[in-house]
Amino acid sequence: MTEQIILASGSAVRAQLLRQAGVQHQVVPARIDEEAIKQSLDAEGASPRDVADVLAEMKAQRVAGKHPDALVIGCDQVLAFDQKILSKPATPEEAIAQLTSLRGQRHQLLSAAVIYGEGKPLWRHVGIVRLHMRDASDTYIADYVARNWDSIQHAVGAYKLEEEGVRLFTRIEGDYFNVLGLPLLELLSYLTLRGTLQS
């Protein structure tokens with residue numbers, strides 16, 4: 001079975017994960033108003049897991065509307081801390097505030113993926129990782145943000161574990177691929193069982 005696979009995400013890391021796993025795909029980023037959708041779901045009392053899942057599905061659905069014969073992978077990642085969702089920091093000051101609130105605490109990253117095809121969602125999964133952040137000093141946090149702002153402004157929680165951000169943590173429980181924003185093993189299992197990927 002040869003099916004066109006489209007990644008409805010502009011994330012270079014997600015595209016690289018699929019490429020390295022030997023999954024041929026196109027990248028067509030979905031254009032949706034994530035913040036407005038998050039605010040609406042928050043007003044309805046949706047859980048962080050549901051927020052990630054809904055956003056992933058909406059992205060997949062948006063791109064699938066223009067590519068009805070393809071399998072479209074929609075993804076979203078949210079950071080849940082103290083019953084709230086943290087978004088990507090808009091400024092270095094906001095990044096410092098986020099990291100200051102997270103230090104010495106535990107939070108969760110939820111990475112959702114939804115595959116859309118045949119006009120409907122065919123598969124979905126939300127991977128959860130629990131992260132324990134060390135009690136970093138104010139000076140380290142400020143210097144870290146200054147050194148890494150160009151990269152971390154695109155990351156929820158203002159860190160990237162594949163970069164210097166790993167120094168902020170004492171323990172990580174869960175699948176590293178989920179930290180990077182894609183439940184890769186579960187996704188590959190589904191595509192293999194479906195026959196899209198060779199078994």
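This is a predicted model: local features need pLDDT of at least 70, side-chain atom pairs count only at pLDDT 80 or more; totals for chains, interfaces and linings use all residues.
Residues are numbered from 1 along each chain as its sequence is written, and side-chain values use heavy atoms, with hydrogens and water left out.

I begin with the largest nonpolar core, which has 24 residues; such a core is a set of buried Ala, Val, Leu, Ile, Met, Phe, Trp, Tyr and Cys residues joined through side-chain atoms within 4.5 Å, where buried means under 20% relative accessible area with a 1.4 Å probe, protein chains only. Leu79, Leu99, Tyr144, Tyr159 and Leu168 are the members that touch the most others. Two or more residues come from each of β3, α4 (92-102), β6 (120-133) and α5 (138-152), these being DSSP runs numbered from the N terminus, with helices (H or I) of at least four residues and strands (E) of at least two. The most, six residues, come from α5.

Apart from this core lies another, of 20 residues, and Leu71 is among them. Leucine 71 lies in strand β3, residues 71-81, and counts as buried because its relative accessibility is 3%. Beyond four places in sequence, leucine 71 touches residues including Ile5, Ile115 and Leu191, contact meaning heavy atoms within 4.5 Å.

Finally, lysine 38, in helix α2 (residues 34-43), also counts as buried, because its relative accessibility is 11%; Val51, Leu55, Val78 and Ser87 are its contacts once neighbours within four places in sequence are left aside.

Definitions and conventions. Buried means under 20% relative accessible area, exposed over 50%, partly exposed in between (1.4 Å probe, protein chains only).
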